[in-house]
Amino acid sequence: MNASPPRAGGPPAGDAPRPTGPGSDAALLAPLGLRGPGFLAALEAARAAGDAGRELRTWLEVGDALGAVGRWDRAKVAWMRGLDVAEGSARTRSEASSFHWRMGQLSEGTRELGEAAAWYERAAETFRREGASADEAVARMALARVVFHGSGAGLAKVAARDAVLCARDANDLALIGEALELTGEIAYDLGAFDESVASLRDAVKQHEQAGHETGRVRATVALSEVLSESGQSLAAVRAIESVEALLESHESTETRGRGMGLLGLFQLELGQVDEAAQTLKKAHEWLEASGSRLRRSRLLVATARRVEKAGSRADAKPLYEQAWDLARAASDRLRLAPIAYALARCHLDLGDPVSADSVIIVALRLVQEAADLEGLAYCTELAVRIAVRLAQGQLALDRLLMLARTRGQMGDARGEIRTLKDALIATLKVPDTDLLAIAAELMEAIRRAGVSAFGPTETMEIADAMAAAGRPDFAHEIGLVEVERHLAEGRRTDAARTLIRAAHWAVAAEDRATAVDAWDQAIAIGQSIGLAEVEAWEADRAWAAEG
């Protein structure tokens with residue numbers, strides 16, 4: 001399980017799951033030059049002897065050799081031919097896992113993440129049947145990694161947890177630590193900070209017990225990152241200080257870069273700007289050397305947030321722009337939307353709503369594709385502000401309606417009603433808009449959730465907006481709900497006066513019988529508490545009854 005295809009570039013993704021490649025073995029082996037005939041002879045000898053095990057092992061070597069000369073397209077064909085041999089014989093079927101693993105690595109290297117996930121899943125299942133718990137753990141970690149960058153963090157979390165269980169079955173402390181690291185980082189990206197911290201602390205402990213210093217440093221850096229980003233700065237500093245002396249000698253340039261990046265961020269928080277600039281420069285050099293665009297992007301975002309917090313949004317914007325470019329290059333879909341949101345906000349606050357709009361459109365598409373309702377609500381709220389700054393009334397209204405519906409899907413009834421109210425009021429200022437449809441949608445939301453979450457003033461604002469939109473019947477209905485609340489809370493004067501407003505709305509809705517009934521109730525309450533308005537109400541009631 002040590003084949004290492006390139007992590008970027010490579011051939012384009014093909015439509016067929018089983019590539020055919022050159023028709024003959026000799027043609028397939030041509031790129032190997034003088035080594036080709038030797039492999040061809042070994043394949044023919046294995047077939048002549050009926051030795052399937054020897055043939056499939058030769059195909060493994062052929063695929064590795066083709067990969068070593070950069071012909072991953074042909075390596076894929078070679079491994080598929082070996083897989084056919086392995087799966088065609090009961091005696092060699094268990095060895096198919098080696099091909100599954102290699103195909104997963106190749107697909108991951110060429111960014112065919114869905115195909116890579118399928119191969120890693122097959123490898124894991126084969127290892128499970130063989131009782132090879134350690135190999136299964138490695139395969140499930142690989143599965144979690146590609147699913148995390150492809151389908152999403154939720155499915156990746158399940159795969160990572162399965163990897164932890166397999167590693168525990170294998171009683172491999174270092175492997176347990178590595179699986180826990182992955183689980184912790186995925187939990188962090190899902191916003192489960194406590195779970196993330198617990199997993200990473202456990203990872204550090206497992207590496208310590210295994211005497212695995214490299215893993216301990218790496219897990220400690222990850223722990224410090226999570227603690228820092230979740231606002232636990234003191235604990236984060238203590239964690240990174242415990243391994244600071246080991247960072248520059250760590251075998252992984254990525255870990256060195258991550259650790260140095262943390263130190264730079266802490267210096268920035270302490271106001272040591274010049275020192276932080278030098279430290280962060282070194283961190284980016286190491287991360288660039290490691291080829292980790294994803295980590296560089298995340299460090300840039302963390303830096304930009306601190307710069308922005310210090311009050312310099314103009315200095316934060318180019319950092320977000322660099323992070324955006326790197327995240328796109330790394331296909332880091334999980335982080336693209338938050339970066340786009342932050343960048344759009346910077347553009348808007350710096351007086352460039354046109355650029356802000358072009359970026360927020362991308363963010364909206366990303367969160368919609370990910371079915372991220374919370375992210376959609378945040379992005380749509382900013383998108384409304386941008387449309388208003390652009391003086392695009394209809395666009396702002398469309399986005400307000402999308403925000404209201406998103407909040408409704410999230411179970412935020414109060415937010416849904418309030419946003420629909422804002423949308424309805426906005427329609428009164430935008431010509432040629434469908435007032436009645438928005439009013440009906442708002443009334444439906446009110447009937448579902450009621451108005452108990454709103455105070456009397458805001459409730460009557462909603463009723464006034466309904467009346468102004470041409471639905472006085474809805475305004476009357478809302479007014480009666482408010483009357484019931486006034487009476488239940490002992491505010492009889494407010495109840496009587498609200499009934500009068502409801503009566504006028506009923507008249508506007510051409511329902512005089514209902515209006516007279518509202519006046520009668522208001523007059524009865526007013527007489528019982530001695531309100532001076534009763535005489536005028538009686539005159540209005542007589543007018544309504546005669547009309």
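1. Elements first. Helices (H or I, at least four residues) and strands (E, at least two) are DSSP runs, numbered from the N terminus. On that scheme Arg385 lies in helix 20. This is a predicted model, in which local features need pLDDT of at least 70, side-chain atom pairs count only at pLDDT 80 or more, and totals for chains, interfaces and linings use all residues. Residues are numbered from 1 along each chain as its sequence is written, and side-chain values use heavy atoms, with hydrogens and water left out.

2. Arg385. This residue is partly exposed, at a relative accessible area of 41%. The classes are buried under 20% relative accessible area, exposed over 50%, and partly exposed in between (1.4 Å probe, protein chains only). Contact means heavy atoms within 4.5 Å. Setting aside neighbours within four places in sequence, Arg385 is in contact with Leu348 and Asp349. Ala337 is 48 residues from Arg385 in sequence and 17 Å away in space, C-alpha to C-alpha.

3. The core. A nonpolar core is a set of buried Ala, Val, Leu, Ile, Met, Phe, Trp, Tyr and Cys residues joined through side-chain atoms within 4.5 Å. The largest one has 34 residues, and Tyr320, Ile360 and Ile386 have the most contacts inside it. Helix 16, helix 17 (313-329), helix 18 (333-349), helix 19 (353-369) and helix 20 (373-389) each give two or more residues to this core. Helix 18 makes the largest share, with 9 residues. In soluble globular proteins, nonpolar side chains tend to be buried together.

4. Ile386 and Asp357. Not counting residues up to four places away in sequence, Ile386 touches Ala344, Leu348, Pro353, Ala356, Asp357, Ile360 and Arg399. Asp357 is in helix 19. Is Asp357 buried or exposed? With a relative accessible area of 12%, Asp357 is buried. Beyond four places in sequence, Asp357 touches Ile386, Leu390, Leu395 and Arg399. Gln209 is 148 residues from Asp357 along the chain, and their C-alpha atoms are separated by 52 Å.

5. Glu369. This residue also has its place in helix 19. At 47% relative accessibility, Glu369 counts as partly exposed. Cys346 and Glu369 are 23 residues apart in sequence and 24 Å apart in space, C-alpha to C-alpha.

6. The cavity. On a 1 Å grid over the protein atoms alone, a cavity is a set of points where a 1.4 Å probe fits but cannot get out, and lining residues have an atom within 4 Å of a point. Grid points are joined across faces, edges and corners, and a volume is the space filled by probe spheres set on the points. How many cavities of 30 Å³ or more does a search of the whole structure find? The search finds 1. The largest cavity has a volume of about 330 Å³.

7. The lining. The largest cavity is lined by 20 residues, with Glu225, Glu229, Arg295, Arg298 and Leu299 nearest its centre. By class, the lining holds 9 nonpolar, 2 polar and 9 charged residues. Here Ala, Val, Leu, Ile, Met, Phe, Trp, Tyr, Cys and Pro count as nonpolar, Asp, Glu, Lys and Arg as charged, and the others, Gly among them, as polar. Helix 9 (173-189), helix 11 (213-229), helix 14 (253-269) and helix 16 (293-309) each supply at least two lining residues. Helix 16 provides the largest share, 6 residues.

8. Two positive phi values. Ala391 is not a glycine, yet has a positive phi of about 60°. Ala391 sits in the loop between helix 20 and helix 21 (393-409) and is exposed, with a relative accessible area of 67%. Glu510, not a glycine either, has a positive phi of about 60°. The loop that holds Glu510 runs between helix 26 (492-508) and helix 27 (512-529). Glu510 counts as exposed, at 72% relative accessibility.

9. His476. Helix 25 (residues 472-488) contains His476. At 12% relative accessibility, His476 counts as buried. Leaving aside neighbours within four places in sequence, His476 is in contact with Ala502, Trp505, Ala506 and Thr514. The C-alpha atoms of His476 and Ala509 are separated by 8.7 Å, at 33 residues apart along the chain.

10. Thr58. Helix 3 (residues 52-68) contains Thr58, which counts as buried at 7% relative accessibility. A polar atom of the Thr58 side chain lies 2.9 Å from the backbone oxygen of Arg54. Beyond four places in sequence, Thr58 is in contact with Phe39, Ala42 and Leu43.

Methods:
On a 1 Å grid over the protein atoms alone, a cavity is a set of points where a 1.4 Å probe fits but cannot get out, and a pocket is an open set with protein on both sides within 12 Å along at least five of seven lines; lining residues have an atom within 4 Å of a point. A polar contact is a pair of N or O atoms within 3.5 Å; within protein, one must be able to donate a hydrogen and the other to accept it, and residues adjacent in sequence count only if both atoms are side-chain atoms.
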